[in-house]
Amino acid sequence: MASNADVHNLQLKGEVKQKNVVADGRNRRVLKDIGNLVNDRALQAKKPVTDVRNVVGAGRGPVAARPVVEKLVEKKHAPETVIVISSDEESEKSKPAVRRLSKEGSRKQVKTLTSILTARSKAACGLAKRPEESLVNIDASDVENELAAVEYVDDIYKFYKLTEADGRVHDYMHLQPDINAKMRSILVDWLVEVHRKFELMPETLYLTINIMDRFLAVKVVPRKELQLVGISSMLIACKYEEIWAPEVGDFICISDNAYTREQVLAMEKSILGKLEWYLTVPTPYVFLVRYIKASVLSDKEMENMVFFLAELGLMQYPVVIMYCPSLIAASAVYAARCSLDKSPFWTETLKHHTGYSEDMLMDCAKLLVKFHSASAESKLKAVHKKFSSAERGAVAFLTPAKSLLAQSL
């Protein structure tokens, strides 16, 4: 039978062995803990060993360990805090950039010889005193107007510019053995008078001329039916643009009963068939409205002058053939600004919205000013008479642009 001393020694050895086990457990480290999470497990690891030892040492039964476990459960868990660890390489790379920016900010700007010479050249040419012109928001006043479609009006006109070639008229007089450019001008002059007599919308006149030219480009027409083509084209344009379109009998009456109702309806059907019912085309009027608006500070006189020059251009076959609708409209605005001495003649806002520079418009603008100077003495008086009235501001009597007129002669 073992003595009391032996039993005491065995108990001491067991207690030392148990302490070593606890110490070994404390030195172990969980592999998934990389130090970026602070949680309850890490907090528990920092507790004194006596708590663990008490739990383990007093573990003669599950009842003995229950008080400590219940305290751990009752403790509220703090939310896990995520510590963002930045890479050492990123921090090292960012430091030189900060130093570089600070050095550049503190560095004084030294003028080079090139900058000095450029400044002197601008001063000599008077460019240094000229302020940089900024684009004007021409749609700012129409933000509340739903019909103005301010949100996508620029996209609409970009589409017009892309598709204007589809409705553009090309040279066709060599295909017409019985008519010529002079006959066409006489017909257009008469249509302007009819348009004014019926008090139609301006869109109707431009669409009428477009329909007529496109039909003459694909169909040979005898001279005696040229006027029939004109009134039938206007009949179609009225049905497309007008709210209250004139009737067939009105066109027969105004043409002095030169044609019957059946002839007018037959020609209308023929025109629609040849054009394949393609009537939605961007005419010069579509661009005129936008470009007049882009001519900032434009008044009623400016608007009347632009339409006067544009209609003079539509009467002339070479203008319609050589230039697209948008260029005719831009040239009319440019020629009108020159005639009214609007300075500058061409602005950055106009260049932005039209897409044309001043040099690109010069040839067409010279032609329009030339027609303006000859309109008073021309035998074709419809356009001149129309814009000589007081309601049109009598812009036909204004002096043509001398600068452009001198270059065109």
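Author: **The lining of the largest cavity**

The lining of the largest cavity divides into 10 nonpolar, three polar and two charged residues; Ala, Val, Leu, Ile, Met, Phe, Trp, Tyr, Cys and Pro count as nonpolar, Asp, Glu, Lys and Arg as charged, and the others, Gly among them, as polar. The model is predicted: local features need pLDDT of at least 70, side-chain atom pairs count only at pLDDT 80 or more, and totals for chains, interfaces and linings use all residues. Residues are numbered from 1 along each chain as its sequence is written, and side-chain values use heavy atoms, with hydrogens and water left out.

The structure holds two cavities of 30 Å³ or more, a cavity being a set of points, on a 1 Å grid over the protein atoms alone, where a 1.4 Å probe fits but cannot get out.

Lining residues have an atom within 4 Å of a point. There are 15 of them in the largest cavity, and Asn 210, Pro 284, Leu 314, Val 320 and Pro 325 are the closest to its centre. Helix H9 (202–216) and helix H16 (325–339) are the elements that give two or more residues to this lining; helices are DSSP runs (H or I, at least four residues) numbered from the N terminus. H9 gives the most, with four residues.

As to confidence, the chain has a mean pLDDT of 78, and 67% of its residues reach 70 or more; pLDDT is the predictor's confidence in each residue, from 0 to 100.

Conventions: On a 1 Å grid over the protein atoms alone, a cavity is a set of points where a 1.4 Å probe fits but cannot get out, and a pocket is an open set with protein on both sides within 12 Å along at least five of seven lines; lining residues have an atom within 4 Å of a point. Grid points are joined across faces, edges and corners, and a volume is the space filled by probe spheres set on the points.
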